[in-house]
Each structure stands twice: as structure tokens, then as C-alpha cells.
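Keep the viewer open and follow along.

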Amino acid sequence: MTYLAKPKLHHPTLTRNKVGYTRRDYEGRISTLCAGCGHDSISAAIIQACWELDIEPHRVAKLSGIGCSSKTPDYFLGASHGFNTVHGRMPSVLTGANLANRDLLYLGVSGDGDSASIGLGQFANAMRRGVRMAYIVENNGVYGLTKGQFSATADRGSKSKKGVINSDSPVDLVGLALQLGATYVARSFSGDKEQLVPLIKGAIGHGGAAFIDVISPCVTFNNHGGSTKSYDYVRQHNEAVSRIDFMPQHSEITAQYAPGEVIDVQQHDGSSLRLRKLHPDYDPTDRYAALSYMNAHQARGEVVTGLLYLDPIATDLHMSLNTTDVPLNALGERQLCPGSKVLDRVNASLR
């Protein structure tokens, strides 16, 4: 029924957020993905997160590449800015847009093929440069658009729907993000909305490069016995490191937790992430401990989820380049072309 247009009328009793929008206002077109696809659950989590954060849709720029995952921005935030790039090139296009207009909130949506294969170099440079964005990879371990071949994130020893065993080592995007300098790194599961929504809210409010790897089962090609990206496998092997609540700066904190079970980590914009630690030995502010913890559990066949690492004093590309506070696209000719005398002073300072 995907050919049907979504009704434009909203029920008058729908709850509105602080900026006057209902949850329906953050939706997009009707999804054309397979029924039960985990990607649709991620879209629903993004919609919920933006509605709860009271974000005006026109303040968001959503960018994607090519693949099933990269189709999903059409299914949420229909009133936002959007750009669908070529395969694997989303990070560089987003970087350019971010440099031109720092006032927008940037949401990069990609897949395991788009980011871990053809776009691996683009992903790496966006993380190491600290481009401020929420980078979400919808990871199902297969190429869904080309009939289910193994992707670069498929685990060694996993079995395809046709019974083929994968003999290649997987690309671990979470491990790469930690090593390359991302300042907000998380992993979640599309079927765990309670965990995923606050993770997305935290990533949007973060002041640097925020990366979330979301395991999102492909119900058509990768949801069978032998797959390590299926619904059953992830539910049976999920090892959550934290339970998360996100508190925007303007909201009163009303949650109550038992002493010794909670840590508050302040973010760059003044908001905070409240973590209920399920493992007393886990420190989400230690980058190398996070990498070691994740690898140890991966060796036991466990999928570690939650907020794995957070740098509360993150910097972004604008801070590194010392760009102007006024967005570059808002500068006039007088600022952009100040004349030969100013150019001479700039050249002299570089000698």
C-alpha cells in the first residue's frame, strides 16, 4: 500500500510539544521498505527523539548516501532540509554543508555498505575531523538492495540466507570511531526503542562527532538462524552497559534513582546524559577501556549496546578551524572580499 499518500489531516487532540508541533509533524512519507524492517523502527526513534527535544524541523539537515538505510530520511522529518548523495559520499557533503551553515542540526544516515565499504574513508575522516553531527549507521550486515550479499560488517562465520558461510573479517565501525577520535560513540538495537531514543537525543545535542551503530535486522535476507544480525541473535546476546536518560538544558530533572547507581555527564550544550550503570566496572568516559570492554565481550559472542564513550568537553571542526561564529553562508561581500590590504596582512602573517 506504499502508493497511498499519507493523510495530511491531524487529529485535533494530538499532543503538541513546546514549539507547537505534534509527533505527526516529524514524520515523512510512507515507507517503501519491507514490512518489519528494522530501519523503520530507527526512523520512528528519530521522530520521537526530535519531537521530545522540541526541535523545529526546518532547523535540521538530513543527509544520506545509497542503500536501504539511505532511503529512510524520506520517511521522517518531511519538513527538514534533505540531500541524498552518491554512494559513500554523505560525510564529505555534510562536512561542506556544516562549514557553510553551522546553525543547522546535522543528521547523517548511512548503512553498513555505504559507510563500511565504499564510504569507509569518508567515515574515517568525518570522525577524526570532529564534524559536528549525529551519524547513524543502520547496520544489517547485508546488501539488501542487491539481494543479500554479505556486507563489510558481517561477522566471520555468519551464514547467509542461502547457507554460504562468511570467511571475511568484519569492519567494526564502533571500534574505528573510538580509535579515530569520535567524542560520542554508542551502539544500539533497532528493536530497543527505550534505549535508542535517548541515545539519539544525546547525539543530536552533542558538541562534536557523535556516532551510533544501530543493529537493524533485514527481515528479507538476514533474519534467519546463523545470522548474527537477526532479531533473535541480538536479543539473546545483548549486553547493555548503561541505561540512559537525556535531559535537555531547559527541562527540570525529575527522575529519581538509588544512590550509587547514577552518573550525570554534562554535554557541550549544557544538557546532560544520565547513565544508570548496569556494570559497576564500566567507565563511559575512558576511550581505551571502552574499546577493550567491547572487544572482550565481542570475543564471547556478545553485542555490547548503550553509550560506550562520551567526551564531555568535545570540540568540533569549527573550533579546530577557528571559523567565524556567523555562518559562512550569511556573510556579505564586504566580509568575504575585504580588499587587498587585508589580504596583504593575512599573507604577511603566514610568512
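A residue is called buried when its relative accessible area is under 20%, exposed when that area is over 50%, and partly exposed in between (1.4 Å probe, protein chains only). The model is a predicted one, in which local features need pLDDT of at least 70 and side-chain atom pairs count only at pLDDT 80 or more, while totals for chains, interfaces and linings use all residues. Residues are numbered from 1 along each chain as its sequence is written, and side-chain values use heavy atoms, with hydrogens and water left out.

Let's begin with the sheet. Helices (H or I, at least four residues) and strands (E, at least two) are DSSP runs numbered from the N terminus, and two strands pair if DSSP finds at least two bridges between them. Eight strands make up an open, mixed sheet, in the order β2-β1-β3-β4-β8-β7-β13-β9. Because β2 (81-84) and β9 (238-240) are at the edges with a single partner strand each, one side of each has no neighbour in the sheet. Neighbouring strands here are turned by 20 degrees against each other on average, direction ignored.

Now look at β13, residues 303-310. How many of the residues of β13 are buried? Eight of the eight are, so the strand is largely enclosed by the rest of the structure. On one flank, β13 pairs with β9 in the parallel sense over three bridges. Asn-238 stands opposite Val-303 there, and Ala-240 has Thr-305 as its bridge partner. With β7, the pairing is antiparallel and uses four bridges; Val-185 is partnered by Tyr-309 of β13.

Helices cover these strands. Angles run from 0 to 180 degrees between N-to-C directions, with axes fitted as lines to C-alpha atoms, for helices over the stretch in contact. Helix α6 (residues 173-180) lies across β4 (133-139), β7 (184-189), β8 (209-215) and β13, and runs at about 170 degrees to β7. Helix α9 (residues 287-299) also packs on the sheet, where α9 touches β7, β9 and β13 and makes about 175 degrees with the direction of β13. Contact means heavy atoms within 4.5 Å.

The loop between β6 (149-150) and α6 holds Ser-160. This serine is buried, at 10% relative accessible area. Beyond its neighbours within four places in sequence, Ser-160 is in contact with Phe-150 and His-224.

Next come the charged pairs. A salt bridge is a side-chain nitrogen of Lys or Arg within 4 Å of a carboxyl oxygen of Asp or Glu, and the structure holds eight of them. Which residues form salt bridges with Arg-187? One is Asp-172, with the closest N and O atoms 3.2 Å apart. Asp-172 sits in the loop between β6 and α6 and Arg-187 in β7, so this pair ties together parts 15 residues apart in sequence. Another is Asp-213, at 3.1 Å; this pair links β8 to β7 across 26 residues. Both Asp-213 and Arg-187 are buried, as is Asp-172 at 19% relative accessible area.

Elsewhere, Arg-23, Arg-24 and Glu-27 are linked in a network of salt bridges. Glu-27 is buried at 18%, whereas Arg-23 is partly exposed at 27%.
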